[in-house]
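Colleague: I have a model open and would enjoy a close look at one part of it with you. Could you take me through that part slowly and then show me what lies around it?

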Amino acid sequence: MAETEEITVADVSDGPGNDGTPGAPVSLPVVELLTGRGFITGKSGSGKSNSASVVAEKLLDNGFGLFIVDIDGEYYGLKEEYEILHVGADEECDIQVGEDHAEKLASLALEQNVPIILDVSSFLDESEAEAVLTSVARHLFAKAKKQKQPFLLLVEEVHEYIPEGGSVGECGKMLIKIGKRGRKHGLGVVGISQRPADVKKDFITQCDWLLWHRLTWDNDTSVVRRVLDGEYATAVENLDDGEGFLMTDWSESVRRVQFYRKQTFDAGATPGLEDVERPDLKSVSGDLVAELEQISEEEQARETRIEELREELDRKNSRIAELEAELQDARDLSRMADQFVDALLDQADGAAPGRTEQERMRERRARRGEVAEPADTSGTESDTAAGEADDTPLATAGENGEDPFGDDETGDAFAAAMETVTESADPGAANGDASVEGPAANGANGAAGPSTNGAVNEGAVADAVGGDAAGTFSAEATLGALSDPVGEMASGGGSDNWSVTAGEESPGESDGRAGGIGDGEEPLLVRELKAEIGGLDTRSREMLAHYAESGPGTPLDAHLAAGGDGDRTHAYAHNRRLRTRGLVEHVGRSYYDYRLRDLLREELDGATGDELDAYVEAIEETVLD
């Protein structure tokens, strides 16, 4: 294509402001049109869209590519003569497109020289239309840098995108970028507007050629006055339809011209009373539409998949809500189980003289872990001869200690509720590996009751725990006896260490719970823990030793290591005593870990690391070796 090649679009007209021979043809250089920046303006009905269509027809006649942004649906009439791809968002277009089609549209227009009309008026959502145009402009600019081919972008109602007042959006920024830097890459732009006063002046002043059709508003004529002069500002108000002042960088004069009428169907003409028959429009290649339809199908598939994922998410959210409700129910059951245990323990404690409601309340809080209570005379927490199902939500959870819920919080809460069921079903499993019968009246001694020296009748306690007691228990030891129904304490399973009672003051108790290794006296807490751990039944104490030596493990593993029979109910029953006192802690997935040192550090403020090590060693030497 020679740089001197031109297209003829108008004739010189006669009238004020004319600088040329009336009737002489007016031509525009193709290279300047395709690669430069142009501006066509005029009030509605003055002929600006006709002039733009004439320029488009002449370029199409010569096989040059262009991309038309049609904001009012006026340009589809070009299809009467030209095979041009009409895209938009309604069925009047050759194909419906979205932002995903932008790169393909830019490729067809610039690389395959396919003329395209983007019908913005067909989009119901203006933001969607602007997003499509922004993406197309961005891809055109990127491809033009590599293609280096003259190409024209024609934008109707350009003031919508690059307004004089207000902020310029992403689309406007992209159009300004093309106006400033597109020329060096062969990408030109023409802006069309009926209100020049509303168009950003930076764009107008950078244009290589401008066409001013009839304008009457003072704000608009004042723009003509600033760009041309007062003479043209007055004359522009009286121009005929299709007539305008043409100002170009390649001509030294401003010419008054009369643009030709467009040859194709005028889809933008104002409707009249006469019937207007729409002509037959040329169709485009099926291959072009097929490529774009493939993109549409892929987008539809993505949207379908997104909808499926949304539905799946809704189902999962519903399931989460159900599980949360079940969890709350489990917590409620757990609280009911605690209240049931407290009631049983209070009933057992009621047989001991001198027990006050305040003391029973303290014990209940200590059992729940709400406060750190000193060890009672029994030295252990009682589960009221109850079966332990701690952290095992279901009796059929499996033999490997796994949490069937897969959720520690849900499993733990439900396990606490299940303790009530286990206690009712197997009241003797909490301490030993054999079930026992409930308390019964001893034929020789009668019902349990206080003796003259304040101790519970030996025969009554033996009946209550389901075995023969080896000696007389104090009232404060009743809780420990109930926790050992199979008689392990009575047979020597740690009974020698049950010497610290709530009613007796241990040496050094008046000095408080803390003390120092340096002064030769152990803190009260250390002595209490010795008594508590020493007072545990043999099986529980050996399970604690297993945790101390082997690290995290399940209660079932610890029970087997301690010589137990592998029964889950028995294992969790023994494990509960260790957990409620804080000697072990749940670390997830039904695993527990040894925490004697952590317990001492929490209770003994200010103790150094060496002191804590010494305390742990002293306790373990006494009761775990």
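Predicted model: local features only at pLDDT ≥ 70, side-chain atom pairs only at ≥ 80, totals over all residues.

Modeller: In H3, 7 of the 10 residues are buried, so the helix is largely enclosed by the rest of the structure. The buried set consists of Ala102, Leu105, Ala106, Ser107, Leu108, Ala109 and Leu110.

Follow the chain out of H3 and you come to Asn113, whose phi is positive, near 55°. Asn113 is not a glycine, yet its phi has that positive value. The residue sits in the loop that runs from helix H3 (102–111) to strand S7 (116–119). Asn113 is partly exposed, because its relative accessible area is 32%. Another non-glycine residue with a positive phi is Lys148, again near 55°. Lys148 belongs to the loop between H4 and strand S8 (151–155), and with a relative accessible area of 49% it counts as partly exposed.

Asp119 has a relative accessible area of 6%, so it is buried. Leaving out residues up to four places away in sequence, Asp119 touches Asp70, Gly73, His86, Val87, Gly88 and Cys93. Its C-alpha lies 8.3 Å from that of Ile68, although 51 residues separate Asp119 and Ile68 in sequence.

In soluble globular proteins, nonpolar side chains tend to be buried together. The largest nonpolar core in this model has 62 residues, and the members that touch the most others are Phe67, Val87, Ile116, Leu118, Tyr161 and Trp212. Helix H4 (residues 126–147) supplies the largest share of this core, with 8 residues. There is also a second, separate core of 33 residues, which includes Ala10, Val12, Val190 and Leu211.

Cys171 is placed in helix H5 (residues 170–181) and counts as buried, because its relative accessibility is 0%. The C-alpha atoms of Cys171 and Arg138 are separated by 8.9 Å, and the two residues are 33 apart along the chain.

Beyond residues up to four places away in sequence, it touches Thr41, Pro196, Val223, Val224, Val227, Leu228, Val236, Leu239, Glu243, Gly244 and Phe245.

In one of them, Tyr76 and Phe265, the ring centres are 6.2 Å apart and the planes stand at 55°, so the pair is tilted. Tyr76 is in the loop between strand S4 (66–70) and strand S5 (85–88), while Phe265 is in the loop between strand S12 (255–259) and helix H9 (286–349), so the pair ties together parts that are 189 residues apart in sequence. Both Tyr76 and Phe265 are buried. A further pair, Tyr232 with Phe245, is edge-to-face, at 5.0 Å from centre to centre and 80° between the planes. It links distant parts of the chain, with Tyr232 in helix H8 (residues 230–235) and Phe245 in strand S11 (residues 243–248), 13 residues apart. Tyr232 is buried at 11% relative accessibility, and Phe245 is buried with a relative accessible area of 0%. Phe245 is also among the residues that Trp212 touches.

Helix H14 (residues 524–535) packs with helix H18 (residues 596–603) at an angle of about 145°, and their axes are 11 Å apart. Their crossing is right-handed. On the H14 side the contact involves Leu525, Val526 and Leu529, which meet Leu596, Leu599, Leu600 and Glu603 of H18. By type, the residues of this contact divide into 6 nonpolar, no polar and 1 charged.

Methods: Residues numbered from 1 in each chain as written. Heavy atoms only, no water. Axes fitted to C-alpha atoms, helices over the stretch in contact; angles between N-to-C directions. Helix = DSSP H or I, 4+ residues; strand = E, 2+ residues; numbered from the N terminus. Left-handed = near helix turned anticlockwise from the far one by under 90°. Contact = heavy atoms within 4.5 Å. Nonpolar A, V, L, I, M, F, W, Y, C, P; charged D, E, K, R; others polar. Core = buried A, V, L, I, M, F, W, Y, C linked by side-chain atoms within 4.5 Å. Buried < 20%, exposed > 50% of the residue type's maximum accessible area, 1.4 Å probe, protein only. Phe/Tyr/Trp six-rings, centres within 6.5 Å; stacked < 30°, edge-to-face > 60°.
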